[in-house]
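This report is intended for a reader who meets the structure for the first time. Please view the sequence and the model together before reading on.

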Amino acid sequence: MSNPRPYDVVLYGASGFTGRQTVEYFAEHVGEQIRWAIAGRNPQQLEQVKTNCAVTVDVLVADSQDQDGLDTIAEQSHVILNTAGPFALYGDAMVDACVRKQTHYVDITGETPWVKSLIQRYHAKAAADGTRIIPFCGFDSVPSDLGTYLVVRFMQQALGLPCHWVKAYFQMAGGLNGGTLASAINLMQSGQAAQMADPFLLNPQEDSPQTGSSLSKDPQRPQYDSDLQAWTAPFFMGPVNTRVVRRSSALFDRWQEPYGAHFAYQEYLKFDGPLTAIGITVGTGLFGLALSQSWARRLLQSWLPQPGSGPSTQVMDEGWFRCELIGQASNGQQVRGLIQNQGDPGNRSTVKFLCESALCLATQIDQLPGHHRGGVLTPATGLGDVLADRLRQAETNIELAIV
Ligand SMILES: NC(=O)c1ccc[n+]([C@@H]2O[C@H](COP(=O)([O-])OP(=O)(O)OC[C@H]3O[C@@H](n4cnc5c(N)ncnc54)[C@H](OP(=O)(O)O)[C@@H]3O)[C@@H](O)[C@H]2O)c1
C-alpha cells in the first residue's frame with residue numbers, strides 16, 4: 001500500500017442513522033489530524049450531514065450496486081468504514097472493491113451468513129495481499145471478541161496457563177435502530193437465518209471444530225450460573241457473537257497463538273433473579289417467532305423504527321452496557337474481565353468501537369497484531385491490543401483480574 005492515496009479513511013453510508021454519528025465522532029475526535037471523507041449514494045443528504053456536523057471534508061458518491069464508483073472510492077483511501085446496511089443487500093460490491101484495491105475495511109454487520117459468504121469469496125486473496133477485512137466492529141461483537149482475547153492473554157501471561165473456556169455475561173439498556181430491524185428482517189426474508197444455527201458457521205472450512213463442549217451449544221433456557229452466582233438467560237446476540245469468538249480462536253490456532261486446547265466460549269444475559277430471566281427468555285422467543293412469520297414482520301415493520309431512524313438522543317445518552325467475563329484454565333483457576341461503556345450499546349458504543357477500529361488501521365497499522373496479516377478477520381485477530389488501548393483512552397472501562 002505504498003501508492004499515495006488522498007484519504008486515510010472514507011466513511012461510507014455517512015447519511016444513515018449510525019453513519020451520521022460516525023461523522024460526528026470523527027468531527028469531534030479526529031478533526032484534521034487525518035485525511036478523511038464522507039461517502040454514500042445521495043449527494044444532497046451527504047451535503048446536509050456536512051453542514052449539520054460543521055465539517056469541511058470531501059463528499060464521494062456511489063450507489064452500493066455501482067461497482068466502478070465503489071472501486072474509485074476504495075482506491076482513494078487506506079481504510080473504508082462502512083455503515084450502509086443491511087450489509088447482505090448493500091455490502092458485497094464495497095468489500096469486493098476493497099479486496100481488489102487492497103483497502104482495509106471495517107463495518108458493523110451482525111449478519112453472519114453474509115460474512116460466511118465473504119470468507120468463502122475473499123479470505124484467501126485478502127490474506128495473501130495483507131488486506132484486513134474486519135466485520136463485526138460494533139457492539140456486535142467487540143465486547144465478546146476483544147473481551148475474550150484480553151481474558152485469555154491475561155491468563156496466559158499472569159498464570160502461565162492455557163485457557164479452557166470463557167463465558168461472558170451482558171447487562172444493558174438502550175434502543176433499537178430501524179437499520180438493525182431491517183437487517184434482521186432481511187435475514188429472515190432471504191432464507192439465510194437457518195444458517196445461523198451452526199455454532200461454527202464462521203470457522204475455517206477445513207478445520208474440524210471441537211463440537212463436544214456443552215458451551216458450544218446455544219443456551220435455550222434460563223439457568224443459575226454457579227461461576228457467576230447469578231441467573232442467566234439466552235442473549236439474543238449470542239448466535240452472532242459466539243461464532244465470531246470461535247473464528248478468532250480458530251484463526252489463532254492456525255497461527256500457533258492458541259487460546260488453549262479444546263477452547264470453548266459461550267455468552268448470556270445476566271439477571272438478579274429467575275423471574276426476569278424467565279420473562280426475557282419468553283419475550284425474546286416470541287420476538288424471534290414473530291420475525292419468522294411474514295405477516296408479523298409486516299406488523300413489526302409498521303410499529304418499529306424505519307431505516308434512517310433510531311432512538312432519541314436521551315435514550316442514547318442514558319443507555320449503557322456491562323460485559324462481565326470469566327475465563328477458566330484447565331486446572332480450574334479463574335480470571336475475570338469487565339468491559340463497560342456509557343451510552344446506548346447499538347449507537348454510542350457501536351460508533352466508538354467502529355471509529356476507533358478504523359483509526360487503528362489508519363494510524364497504527366505497523367503496531368497491529370500479525371505483521372502483514374490479512375483476510376476476513378475479527379476485531380481480536382485484526383486489531384487486538386491496539387484497539388483495546390484506544391478504547392481505554394476513549395473512556396471505555398476495561399478491567400482484568402485473577403480471582
Ligand atoms: N453492530 C451493531 O451493534 C450495530 C448497531 C447499529 C446498526 N448496525 C447495523 O448497521 C447498519 C446500518 O444501521 P442504521 O441504523 O445506520 O441504518 P440506516 O439509518 O437505515 O442507514 C442505512 C444506510 O445505508 C444506505 N443505503 C441504503 N441503500 C443504499 C444503496 N443502494 N447504496 C448505498 N447506500 C445505501 C443509506 O443511505 P441513505 O442515507 O441515502 O438512505 C444509509 O446511509 C444495519 O445493517 C444495522 O444492522 C449494527
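**Domains and their contact**

The model described here is predicted. The domain assignment of the protein gives two segments to each part: domain 1 comprises 7–137 + 349–386, and domain 2 comprises 142–344 + 393–402. Their C-alpha centres are 23 Å apart. To the contact between them, domain 1 contributes 26 residues and domain 2 contributes 34 residues. On the side of domain 1 that touches domain 2, the elements giving two or more residues are H1, H4, helix H6 (112–129), H13 and helix H14 (379–382). H6 gives the most to this side, namely five residues. By class, this side of domain 1 holds twelve nonpolar, ten polar and four charged residues.

In soluble globular proteins, nonpolar side chains tend to be buried together. In this model, the largest nonpolar core has 103 residues, and those with the most contacts inside it are Val10, Leu11, Tyr12, Ala39, Ile133 and Ala358. H13 supplies the largest share of this core, with nine residues. Because domain 1 and domain 2 both give residues to the core, it lies between them.

Leaving aside residues up to four places away in sequence, Ile133 touches Val95, Cys98, Val99, Tyr105, Leu118, Tyr122, Ala126, Gly375, Val376 and Leu377.

**Strands and sheets**

Seven strands form an open sheet with parallel pairing, in the order E3-E2-E1-E4-E5-E6-E13. Strand E3 (58–61) and strand E13 (375–376) stand at the edges; each has a single partner strand, so one side of each is left without a neighbour in the sheet. Within this arrangement, strand E1 (residues 7–12) and strand E4 (residues 77–82) run parallel and are joined by five bridges. Leu11, one of the core residues with the most contacts, stands opposite Leu81 in E4.

Strand E10 (residues 264–271) has eight of its eight residues buried, so this strand is largely enclosed by the rest of the structure. Ala264, Gln266, Tyr268 and Lys270 point one way from E10, while Tyr265, Glu267, Leu269 and Phe271 point the other way, and all are buried. The pairings that involve the strands named above are set out in the table.

| Strand pair | Bridges | Direction |
|---|---|---|
| E1 (residues 7–12) and E4 (residues 77–82) | five | parallel |
| E7 (residues 163–173) and E10 | six | parallel |
| E9 (residues 230–234) and E10 | four | antiparallel |

Individual partners can also be named for E10. The bridge partner of Phe170 in E10 is Leu269, and that of Pro234 is Tyr268.

**The shell around the ligand**

Which residues come nearest to the ligand? Of the 33 residues around the ligand, Gly16, Gly85, Gly138, Gly179 and Pro307 come nearest. The shell divides into eight nonpolar, 22 polar and three charged residues. Domain 1 and domain 2 each provide at least three residues of the shell. Helix H1 (17–29), helix H4 (87–90), helix H8 (178–189) and helix H13 (345–363) each supply at least two of its residues. H8 gives the most to the shell, with four residues.

**Backbone details**

Two cis peptide bonds may be noted. Gly85 and Pro86 are joined by a cis peptide bond with omega of about 10°; Gly85 is also among the residues that come nearest to the ligand. Pro86 lies in the loop between E4 and H4. Asp140 and Ser141 are likewise joined by a cis peptide bond, with omega of about 15°. Ser141 is found in the loop between strand E6 (132–134) and helix H7 (142–158).

Positive phi values in residues other than glycine form a further topic. Ala54 has phi near 50° and is found in the loop between helix H2 (43–53) and E3. Ala54 has 8 other C-beta atoms within 10 Å, and a residue with 12 or fewer counts as exposed, so Ala54 is exposed. His372 has phi near 60° and is placed in the loop between H13 and E13. His372 has 12 C-beta neighbours inside 10 Å and therefore also counts as exposed.

Notes: Residues numbered from 1 in each chain as written. Predicted model: local features only at pLDDT ≥ 70, side-chain atom pairs only at ≥ 80, totals over all residues. Near = placed C-beta within 6 Å. Nonpolar A, V, L, I, M, F, W, Y, C, P; charged D, E, K, R; others polar. Domains from an automatic or database assignment. Contact = placed C-beta atoms within 7 Å. Core = buried A, V, L, I, M, F, W, Y, C linked by C-beta atoms within 7 Å. Buried ≥ 20, exposed ≤ 12 C-beta atoms within 10 Å, placed from the backbone. Pairing = 2+ DSSP bridges.
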